[in-house]
Amino acid sequence: MERSFEAVLVEQCATTLAGMKPASLFRYQGADKQQSREAAARWAKELAPYGITVRVLKYCPQTGACLIYLYRAGWLRSILTEPSNRAFLARQGYEADQDCQGLLRQLSRRLCLEREFPHEIGVFLGYPLEDVVGFIENHGRNYTCCGYWKAYGDPEAARRRFDRYRRCTAVWKERFRRGAAITQLIAA
């Protein structure tokens, strides 16, 4: 049975809707080639008044599958202007003088054109920089804790964060299942 765009959005983006995390990413493939893009466009309009942006980062014309990025624009701008994140992205080949939208366009191009997944996407998802750098330098090995991503810093702090994310996701999914509208799941 195909899950609705809305159900996947709540499951994969609960922490962003709740204001715990700046951004989330999920893949969705609708019943036909246009459904995913149409749903993303509809929800982009619906969530914009709440400061949440929905963007298709990658689209597959053969299947109609989309990689959907949901983010809190102000929070993401803050992350992407931090000097340590800027320097890291520059080392990864991003143009340093770009604004948030320019950096997202570069990320989208990398997702579409590169053979390997651009692991710097962790910065765009609000992962701690030490975890993003640790993952890249260790090729995904030698992590201290694994949950929503592989952590390379304090394992107890990572476990606490992942546990908060799991609880939030469970509560948001249940509220949605009981009939709450997605807009009712948005924390200020």
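1. Arg-159 and Glu-156 both sit in helix 8, three residues apart, about one turn of the helix. Helices here are DSSP runs (H or I, at least four residues), strands are E runs of at least two, and both are numbered from the N terminus. The two side chains form a salt bridge, 2.8 Å from N to O. A salt bridge means a side-chain nitrogen of Lys or Arg within 4 Å of a carboxyl oxygen of Asp or Glu. An α-helix has 3.6 residues a turn, so residues three or four places apart point the same way. Arg-159 is partly exposed at 39% relative accessibility. Glu-156 is partly exposed too, at 43%. The cut-offs are these: buried is under 20% relative accessible area, exposed is over 50%, and partly exposed is in between (1.4 Å probe, protein chains only).

2. A word on the source. This is a predicted model, in which local features need pLDDT of at least 70 and side-chain atom pairs count only at pLDDT 80 or more, while totals for chains, interfaces and linings use all residues. Residues are numbered from 1 along each chain as its sequence is written, and side-chain values use heavy atoms, with hydrogens and water left out.

3. Helix 8 holds another pair. Glu-174 forms a salt bridge with Arg-177, with the closest N and O atoms 2.6 Å apart. These residues are also three apart in helix 8, about one helical turn. Glu-174 is partly exposed, with a relative accessible area of 27%. Arg-177 is exposed, at 59%. Elsewhere, salt bridges with shared partners join Arg-3, Glu-11 and Lys-173 into one network.

4. How many salt bridges are there by this rule? The count is eight. One of them pairs Glu-11 with Lys-173, with 3.9 Å between the closest N and O atoms. This bridge links distant parts of the chain: Glu-11 is in helix 1 (residues 5-17), Lys-173 is in helix 8 (residues 155-177), and 162 residues separate them. Glu-11 is partly exposed, at 23% relative accessible area. Lys-173 is partly exposed, at 37%.

5. Next, helix 8 as a whole. Its 23 residues reach 32 Å from first C-alpha to last, close to the expected 33 Å at 1.5 Å a residue. The expected span is 1.5 Å times one less than the number of residues. Its buried residues are Ala-158, Phe-162, Tyr-165, Cys-168, Thr-169 and Trp-172. Their cover includes helix 1, strand 4 (145-146) and strand 5 (150-151).

6. What lies at the ends of helix 8? At its start, a side-chain oxygen of Asp-154 comes within 3.0 Å of the backbone nitrogen of Glu-156. After the helix comes Gly-179, with a positive phi near 110°.

7. Asp-99 caps its N-terminal end, with a side-chain oxygen 3.3 Å from the backbone nitrogen of Gln-101. Buried residues in helix 5 include Cys-100, Gly-102, Leu-103, Leu-104 and Gln-106. Among the elements that cover the buried residues of helix 5 are strand 2 (52-59), strand 3 (66-72) and helix 3 (73-81).

8. Is Arg-110 buried or exposed? Arg-110 lies in helix 5. It counts as buried, because its relative accessibility is 15%. Leaving out residues up to four places away in sequence, Arg-110 touches Gln-92, Gly-93, Tyr-94, Pro-118 and Glu-120. Contact means heavy atoms within 4.5 Å.

9. Now the whole chain. It has eight helices and five strands. From the N terminus on, the order is α-β-α-β-β-α-α-α-α-α-β-β-α. The radius of gyration is 17 Å, close to the 16 Å that the globule rule gives for 188 residues, so the chain is as compact as a globular protein of that length. That radius is taken over C-alpha atoms, and the rule is 2.2 Å times the number of residues to the power 0.38. The C-alpha trace spans about 40 × 35 × 30 Å along its principal axes.

10. Last, burial and surface. Of the 188 residues, 43% count as buried. Among contacts between residues at least 6 apart in sequence, 51% join residues at least 24 apart. The accessible surface comes to about 10,000 Å², and 50% of it belongs to carbon and sulfur atoms. Areas come from the Shrake-Rupley method with a 1.4 Å probe; for residues, only the protein chains shown count as cover.

Key: Polar contact = N/O pair within 3.5 Å; in protein donor to acceptor, adjacent residues only side chain to side chain.
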